[in-house]
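Please keep the sequence and the structure in view while reading.

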Amino acid sequence: MGDVHEEETQALLTNVANGKRFPYIEVSTCSLGCGVFAIAPVPKGKLLLKFEGELLSFNQQCKMEDEANAFQVGEDSYINTVAPGVFVNHSCHPNCYVDSGMWLVAAQRIEAGEELFFDYSTTMLERHWEMKNCQCGSVLCRGTIRDFDMLPVEAQDWYLRQGWVMEHVLRHRTLKLSLTMEVGQIDSLPAMRRYRATGSEKPSGL
């Protein structure tokens, strides 16, 4: 019995427990171990699953065996994420985001069989944990996943305009300039001009 068997077992148990609560998704194995997938076509804006777990302080989550499972929900607040949310993987080119109610929301139409991703950086502001050697596979991959205010400025502004950034990150003082920029200033950024022109291209570094 190897790791693949253990991951398949985890996925099966999670699906049995959560099938009725979150009927649009299932956990399955993927190149990163386990991931969360759509089992039916999902319209943009659909609530897919809720991130849940024991509430922890910063110091408590630092003592966790796997800090990657700690989801930052406030300046000094985290949850020790449980299934199925713990299996949602990161992408630098996500098809979902997390709202203020801790729901994973479809950011676009998602087809059955597609894996669900959000950008971990949109929830992070702690100067502690980071994920090196990102394996999301996107052509926009940043390589290292770190705090939101350390993203390229154009990527920050794009996410802010979409409304995909957690409230505790928005409150941080280093974002005041970005949040108070005039719409014309943001639209004048080269990457934003490309995005507006094509309707699909995301800013470089996102």
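## Aromatic pairs

Rings of Phe, Tyr and Trp (its six-membered ring) pair if their centres lie within 6.5 Å; planes under 30 degrees apart count as stacked, over 60 as edge-to-face and the rest as tilted. By this rule there are eleven aromatic pairs. One of them is F51 with F118, an edge-to-face pair with 5.6 Å from centre to centre and 70° between the planes. This pair links distant parts of the chain, 67 residues apart: F51 is in the loop between β3 (47-50) and β4 (53-57), and F118 is in strand β10 (residues 117-118). Strands are DSSP runs (E, at least two residues), numbered from the N terminus.

The model is predicted: local features need pLDDT of at least 70, side-chain atom pairs count only at pLDDT 80 or more, and totals for chains, interfaces and linings use all residues. Residues are numbered from 1 along each chain as its sequence is written, and side-chain values use heavy atoms, with hydrogens and water left out.

## Burial and a ring cluster

Buried means under 20% relative accessible area (1.4 Å probe, protein chains only). F51 has 3% relative accessibility, so F51 counts as buried; F118, at 3%, is buried as well.

The pair of Y159 and W164 is tilted because the ring centres are 5.9 Å apart and the planes stand at 45°. Y159 is buried at 0%, and W164 is buried at 8%. Ring pairs join Y97, F148, W158, Y159 and W164 into a cluster.

Two strands pair if DSSP finds at least two bridges between them. Three strands form an open sheet in the order β4-β6-β5, with antiparallel pairing. β4 and β5 (70-74) are the edge strands, each pairing on one side only.

Between β4 and strand β6 (residues 77-81) there are five bridges. E54 stands opposite N80 in β6.

Note on methods
Helices (H or I, at least four residues) and strands (E, at least two) are DSSP runs, numbered from the N terminus. Buried means under 20% relative accessible area, exposed over 50%, partly exposed in between (1.4 Å probe, protein chains only).
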